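Please read it alongside the sequence and the coordinates.

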Amino acid sequence: MSQPAEPKTSSVAALGAIVSGALILQIAATIVNTAVPLKMALEQKAPLLIGLVGSAYSVGFLAGCFVIPAFIRRVGHIRAFAVFAALQAVLTLSFAATPLDLWGISRLGMGFAGAGHAICIESWISGQASAGQRGRVFGLYQILNRLALIGSQIGVGYVSMQSNDIFLLASAAFSIALIPVGMTKARGPESGAVISVRLNTIWQYAPAAVIGCLYVGLMGGALTNVAPAYGILIGLTQKWAILLTAGIQIGALVLQWPLGLLADRVESRKIMLSATTSVVLCTLALGAVFWFSLPHSRLWQFGLFALIGAGSMPIYTVAVAHAYFRLGRERALGLSAQLLFLWATGSAIGPLVSTAFMQVMGPQGLLVYLGTLSLATGIYLAFRLRVKPPEANPFAERKPTAPTIPDVSPAGRRSDAEGK
């Protein structure tokens, strides 16, 4: 497969359009992701129901990973982006018109559309950025994305949850995201076939990467979809519950870049082991704060949850770096798609299991879930450090593939391109 020519000068306008639209989408999605569990907690819904609604989004995301790439290849990036934005806007309005017990249906559809946006945005940036700038563009995009997430989370704390105005605001933001993308004169990237990497191959050569991606999904699903409700259930005000959730993202933002740099210089499994150990210690410290009713407990909670976010969220970058080191970069997109599949699987399970802990143990069951999961992951990583891994880069003799839309093949089936 021949390599595509480097993007022309129009790529700057195309990148500006998609990044602007993506940041507006992040604001809209964060408003919904924060408001849904918060509003359900204020309405005194059972923690398990809150977890089911949170998991519904990730299930929809997983389903989207299977069917959306073909749709994007057929209609193009710009039309696909518009379709998914319109779908998100309509589904957001449905929260104001349906009972809380049925919100899982809307979240399922939003997860499907969210997968479409993720694939559109990442493949668009990958296709438009030049080879020498791709890493920096992605890094800048991730930082801006995280800042938009934190800002919109904090903003939710100043909106009354007793009305549905918050959903009207989010729906408007989804619609506004269409404007920069719809106005661009640049064309979206070309799409070709994808060669998949089998999950069992990743497990054979980089099992720590598999566990790391699952861990981030299991942690992130709970921290994103359950933490706002947790804050309300332990007696915090709406603003402090939102600040608690924002603290998780602030911690992740602070350590995202340093851990990524460290992963290029230090054994990735040691970094992941240190990070998971820090999460275990933070959950124990949070338990002590509640048990002994320490003064300034809100500040302790904010700081420790920020450290939990710092020790868990950035592990995905480290796990991906480990997988690329072990298997090589020749099949980057197929490998990335499978790692995304693992993360999304964890995100679908995390809210459900964490709220089951809370249903049985009370609100502090969330801390038990986070600590137990981190401890189990740390034990496995410590074991892997004692085992000699197989020879790395099993695809070293194969030709690299051209950048294209990420595809997912959980069953490990090869594409036609691979079979040739």
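Of the 420 residues of the protein chain, 52% count as buried in this predicted model. The chain has 17 helices and zero strands. Among its contacts with a separation of 6 or more, 87% are accounted for by residues 24 or more positions apart.

**Helix packing**

Two packed helices are described by the angle between their axes and the distance between the axes.

The contact is made by Tyr215, Val216, Met219 and Leu223 on the α9 side, and by Phe305, Ile308 and Ser312 on the α13 side.

From α11, the contact residues are Trp240, Leu243, Leu244, Gly247, Ile248, Ile250, Gly251, Ala252, Leu255 and Leu259. They meet Arg298, Leu299, Gln301, Phe302, Phe305, Ala306, Gly309 and Ala310 of α13. Phe305 is listed in the contact with α9 and also in the contact with α11.

Gly309 lies in helix α13. Is Gly309 buried or exposed? Its relative accessibility is 0%, so Gly309 counts as buried. Leaving aside residues up to four places away in sequence, Gly309 touches Ile248, Gly251, Ala252 and Pro314. Of these, Ile248, Gly251 and Ala252 are among the α11 residues that meet α13. Gly309 and Leu223 are 86 residues apart in sequence, and their C-alpha atoms are 8.2 Å apart in space. Leu223 is one of the α9 residues in the contact with α13.

**Aromatic pairs**

A pair of aromatic rings is described by the distance of the centres and the angle of the planes. A search of the whole structure finds nine aromatic pairs. One of them joins Phe61 and Trp343, with 5.6 Å from centre to centre and 80 degrees between the planes. Because planes over 60 degrees apart count as edge-to-face, this pair falls in that class. The pair links distant parts of the chain, 282 residues apart: Phe61 is in helix α2 (residues 47-75) and Trp343 is in helix α15 (residues 332-361). The relative accessible area of Phe61 is 7%, so Phe61 is buried, whereas Trp343, at 27% relative accessibility, counts as partly exposed. Elsewhere, ring pairs link Phe95, Trp103 and Phe167 into a cluster.

**Cysteines and a backbone feature**

How many disulfides does the structure contain? The count comes to zero, as judged by pairs of cysteine sulfur atoms within 2.5 Å. Cys120 is buried, with a relative accessible area of 0%. Cys282 is buried too, with a value of 8%.

Gln44 has a positive phi of about 60 degrees, although this residue is not a glycine. Gln44 is found in the loop between α1 (10-42) and α2. With a relative accessible area of 72%, Gln44 is exposed.

Methods. Residues are numbered from 1 along each chain as its sequence is written. This is a predicted model: local features need pLDDT of at least 70, side-chain atom pairs count only at pLDDT 80 or more; totals for chains, interfaces and linings use all residues. Side-chain values use heavy atoms; hydrogens and water are left out. Rings of Phe, Tyr and Trp (its six-membered ring) pair if their centres lie within 6.5 Å; planes under 30 degrees apart count as stacked, over 60 as edge-to-face and the rest as tilted. Helices (H or I, at least four residues) and strands (E, at least two) are DSSP runs, numbered from the N terminus. Buried means under 20% relative accessible area, exposed over 50%, partly exposed in between (1.4 Å probe, protein chains only). Contact means heavy atoms within 4.5 Å.
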